[in-house]
Amino acid sequence: MRAGPTPKPSFESRILQKVYVLLIFFMGLTGFAQMPIFKRYYIADIPGLGWLADFYFTHTLHYIGAIALLGLFAYYAVLYLMQGRKIHRLTAAAYVRIVIISCIVATGIIRVLKNLPDVTFSPRFTQFVDLAHLGSMLILMIVALLFLIFKKGWTVERRYTGYL
Amino acid sequence: MISKQISRRSFLKGGFAGAAALGISRLPVPASVKGADPKELATLIDIRKCIGCEACVEACQETNASKFPEPVKPFPKMFPERVKAEDWSDKRDVSSRLTPYNWVFIQEASVKENGHKETYTFPRRCMHCQNPPCADLCPWGAARKLKNGITRIDSHLCLGGQKCKVVCPWHIPERQTGVGLYLDVMPSFAGNGVMFKCDRCYDRIEKGLLPACIEACPENVQTIGPREEILKEAHRIAAEINGYIYGEKENGGTNTIYVSPVPFDKLNEAVEKGPGRPHFKPVEDAMANADNLAKAMIIAPVVGIAAAIVRFLRISK
């Protein structure tokens with residue numbers, strides 16, 4: 001996710017890119033912790049990981065991570081539209097990521113809405129949203145790994161053919 | 001008098017009137033059942049009236065018998081071994097606590113008030129929270145709140161992971177192994193049956209009937225009606241007897257309101273607590289944190305956009 005226009009490593013690539021990767025990992029971890037699996041499979045028994053079995057705590061962490069990610073996505077999107085696109089264009093791999101992340105964000109927002117008082121959805125719709133949220137995250141993990149292996153970045157410089 | 005408005009007869013009458021108004025509608029839905037908050041239905045339990053006869057318990061068991069689990073045995077071998085099967089199918093007649101086959105039970109408390117000892121009995125079951133953590137945190141959508149204030153678990157969807165029980169402030173839902181969807185997925189590795197609890201006879205309410213426990217009670221211990229009216233009645237009784245209310249504020253508000261002549265902390269000390277036997281402790285709003293963070297999610301993109309504009313202006317200099 002490089003949107004910085006300067007030749008030297010920008011703040012975005014030095015700091016925010018790492019924050020993004022850490023946040024995605026963190027969201028995956030706290031998201032999977034919403035299923036009762038970490039205690040069952042002894043992961044929460046590992047010293048220091050007991051918090052993974054605390055549903056309320058991991059739920060709160062997941063919400064905090066979502067807040068940070070929403071802010072980060074908005075930051076990147078606006079900066080790219082205002083400045084980044086003059087120098088970089090998005091790769092096909094970026095569009096794939098954007099579609100998957102959009103699915104995660106959209107289903108996440110619906111889930112947050114459902115959790116508000118007095119908001120009710122049908123069980124089938126809730127189940128669809130839950131599965132789509134989980135499925136999108138699993139696809140993102142697989143796709144991100146493949147793009148990492150095949151070195152498919154987010155952007156490519158408009159005047160330059162190599163990936164950044 | 002509010003009690004007249006929400007008496008058993010008027011509730012049924014409302015159901016039939018609603019059905020007539022609906023005309024071609026197939027279900028005789030009471031008008032009060034159709035609305036969302038603040039027309040959520042709540043029940044009022046006046047513990048002074050309860051004589052502990054267990055008529056409500058028997059009525060619940062009879063009425064809901066078709067919803068009770070019929071497990072397939074032997075149970076699938078669970079992995080890892082720490083995951084234990086929970087089987088109540090051979091103990092269906094247990095009525096002294098909540099089980100998958102007993103969704104309401106009579107709790108007893110002997111308390112000393114004003115120098116003399118008094119014994120109270122009262123029905124205990126799901127509180128039907130206004131913002132139920134069991135439904136909010138169910139990772140599968142099996143537990144959900146209905147618009148009429150009922151929280152129910154869909155036994156066809158539940159995998160029996162027991163998360164609803166863990167997050168419930170009263171730990172109400174009870175699990176039966178060997179039944180449900182998990183048997184068709186990965187029975188040894190995910191899920192462990194189905195969670196069961198009071199569904200406040202949602203199917204009877206859909207037909208304009210009273211929940212079985214309310215209809216069967218010879219002492220009219222329970223009353224059902226729109227939550228606002230139930231609360232007014234609870235406060236009226238509490239003021240009249242210098243009594244106490246439980247469920248109005250607990251966990252951010254529930255649709256089960258108890259009114260008692262003795263403080264609930266005294267009742268809580270006196271009742272037998274433990275698995276299947278809920279407490280009467282004060283309960284903070286379990287979802288308040290999440291609700292506040294949800295609001296922050298609206299602000300987060302705005303902050304991100306503002307930061308991007310600031311960054312753009314600095315780059316452009």
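How many bridges join strand 1 (residues 41–46) of chain B to strand 10 (residues 256–260) of chain B, and do the two run parallel or antiparallel? Four bridges join them, and the two strands run parallel. Please keep in mind as you read that this is a predicted model.

Four strands of chain B make up an open sheet, ordered 8-1-10-9, with mixed pairing. Its edges are strand 8 (222–226) and strand 9 (244–246) of chain B, each of which pairs on one side only. From one strand to the next, the twist averages 25 degrees.

With strand 8 of chain B, strand 1 runs antiparallel, and five bridges join the two. Here B:Thr43 stands opposite B:Ile224, while B:Leu41 faces B:Pro226.

## How the strands are covered

Strand 1 of chain B is mostly covered, with six of its six residues buried. In a regular strand the side chains alternate between the two faces of the sheet. For strand 1 of chain B, B:Leu41, B:Thr43 and B:Ile45 point one way, B:Ala42, B:Leu44 and B:Asp46 point the other way, and all are buried.

## Helix 11 of chain B

Now for a helix. Helix 11 of chain B covers residues 288–316, which makes 29 residues. From its first C-alpha to its last it reaches 43 Å, close to the 42 Å expected at 1.5 Å a residue. Helix 11 of chain B does bend, by about 30 degrees at B:Ile298, and a proline, B:Pro301, follows within four residues.

The buried residues in helix 11 of chain B are B:Ala290, B:Ala300, B:Gly304, B:Ala308 and B:Arg311. An α-helix has 3.6 residues a turn, so residues three or four places apart point the same way.

## Where the two chains meet

The contact between the chains takes 43 residues from chain B and 34 residues from chain A. On the chain B side, helix 5, strand 4 (143–145), helix 6 (163–167) and helix 11 each supply at least two residues. Helix 11 of chain B gives the largest share of that side, 18 residues. By residue type, the side of chain B that touches chain A divides into 27 nonpolar, seven polar and nine charged residues.

On the chain A side, one residue to look at is A:Pro117, found in the loop between helix 3 (92–114) and helix 4 (123–149) of chain A. Leaving aside neighbours within four places in sequence, A:Pro117 is in contact with B:Gln130, B:Asn131 and B:Asp291.

## B:Cys134 and its surroundings

Helix 5 of chain B, residues 133–137, holds B:Cys134. B:Cys134 counts as buried because it has 28 C-beta neighbours inside 10 Å. Beyond its neighbours within four places in sequence, B:Cys134 is in contact with B:Ala143, B:Thr151, B:Cys164, B:Val167, B:Cys168 and B:Pro173. The C-alpha atoms of B:Cys134 and B:Leu157, which lie 23 residues apart along the chain, are separated by 14 Å.

## Chain A as a whole

Finally, here is an overview of the partner chain. Chain A has four helices and two strands, and from the N terminus on its elements run α-α-β-α-α-β. Along the principal axes, the C-alpha atoms of chain A fill a box of roughly 50 × 40 × 25 Å.

Of the 164 residues of chain A, 31% count as buried. Among the contacts in chain A between residues at least 6 apart in sequence, 68% join residues at least 24 apart.

Methods
Residues numbered from 1 in each chain as written. Chains lettered and ligands numbered in written order. Predicted model: local features only at pLDDT ≥ 70, side-chain atom pairs only at ≥ 80, totals over all residues. Buried ≥ 20, exposed ≤ 12 C-beta atoms within 10 Å, placed from the backbone. Contact = placed C-beta atoms within 7 Å. Expected span 1.5 Å × (residues − 1). Bend = angle between axes of the 7 residues up to and from the residue. Nonpolar A, V, L, I, M, F, W, Y, C, P; charged D, E, K, R; others polar. Pairing = 2+ DSSP bridges. Axes fitted to C-alpha atoms, helices over the stretch in contact; angles between N-to-C directions.
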